[in-house]
Amino acid sequence: MMASGSTAREEAFEPLLVLERFLPYRLNVLASLSSNALAQIYAERFGLSIPAWRVVATLGQYDVRTARDIAAHGVMHKSTVSRAVSALEQRGLILRRPNQDDRREELLALTEEGRRIYDSLAPEALGFEQKLVSALNIQEQALLAALIDKLTTRARAMVPEGEVEA
């Protein structure tokens with residue numbers, strides 16, 4: 001057994017996995033850093049959590065969706081979406097109405113106030129994205145987008161059906 005503080009073992013030690021070079025770890029770090037930086041914009045101005053912003057952004061893009069659709073789209077757990085939807089509804093930012101095709105679900109849509117928030121924040125989110133990718137030239141940005149699409153397709157195929165959620 002080595003004494004605490006000994007460097008003999010550390011010098012010879014070769015880890016099997018170096019997190020800083022492990023793609024899933026690196027992608028998670030990038031996602032967390034960028035998501036948390038973006039969260040400052042919508043948290044400070046509108047008091048929205050990350051899940052609430054994702055619900056607002058999804059409804060802003062698609063107009064009407066179910067909570068299940070939003071969870072699948074944002075790769076979020078259904079309970080996370082449910083809590084965000086409840087909070088947004090209490091604040092008067094979204095409306096629920098029965099789904100005539102499936103009474104077990106409700107259709108969600110932004111209220112006028114919810115739409116105003118989306119319309120105000122969407123340009124700021126795009127500006128944030130532009131600032132982030134400005135570290136890359138145009139060709140690198142296009143390549144990154146294509147590589148992300150390719151890896152996302154592969155990752156979705158690797159997850160058992162019905163288990164794609166965060």
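User: Why is L19 called partly exposed?
Analyst: This is a predicted model, and in it L19 has a relative accessible area of 38%. Buried would need under 20% and exposed over 50%, so L19, at 38%, counts as partly exposed.

User: Where does L19 lie, and which patch does it belong to?
Analyst: L19 lies in the loop between α1 (8-12) and α2 (23-46). Together with L16, L17, F22, Y25, V29 and L33, L19 forms a nonpolar patch on the surface, with about 700 Å² of accessible area in total.

User: What makes D63 partly exposed?
Analyst: Its relative accessibility is 45%. That falls between the 20% and 50% cut-offs, so D63 gets the label partly exposed. D63 sits in the loop between α3 and β1 (64-66), and its phi is near 75°, a positive value in a residue other than glycine.

User: And why does V75 count as partly exposed?
Analyst: V75 comes in at 26%, and buried means under 20%, so V75 is partly exposed. You'll find V75 in the loop between α4 and α5.

User: How do you know that the span of helix α5 agrees with what it should be?
Analyst: Helix α5 has 13 residues (78-90), and at 1.5 Å a residue they should span 18 Å. The end C-alpha atoms are 18 Å apart, so the two agree.

User: Which residues of α5 are buried, and what puts them on the same side?
Analyst: V81, A84, V85 and L88 are buried. They cover an arc of only 100° around the axis, so they share one side of α5. On the other side, R83 and Q90 are exposed.

Terms used. Residues numbered from 1 in each chain as written. Predicted model: local features only at pLDDT ≥ 70, side-chain atom pairs only at ≥ 80, totals over all residues. Heavy atoms only, no water. Helix = DSSP H or I, 4+ residues; strand = E, 2+ residues; numbered from the N terminus. Expected span 1.5 Å × (residues − 1). Buried < 20%, exposed > 50% of the residue type's maximum accessible area, 1.4 Å probe, protein only. Arc of directions from axis to C-beta. Patch = residues over 30% accessible without salt bridge, like charges linked within 9 Å, V, L, I, M, F, W, Y side chains within 5 Å. Areas by Shrake-Rupley, 256 points an atom, 1.4 Å probe, with all protein chains shown as cover. Salt bridge = Lys/Arg side-chain N within 4 Å of Asp/Glu carboxyl O.
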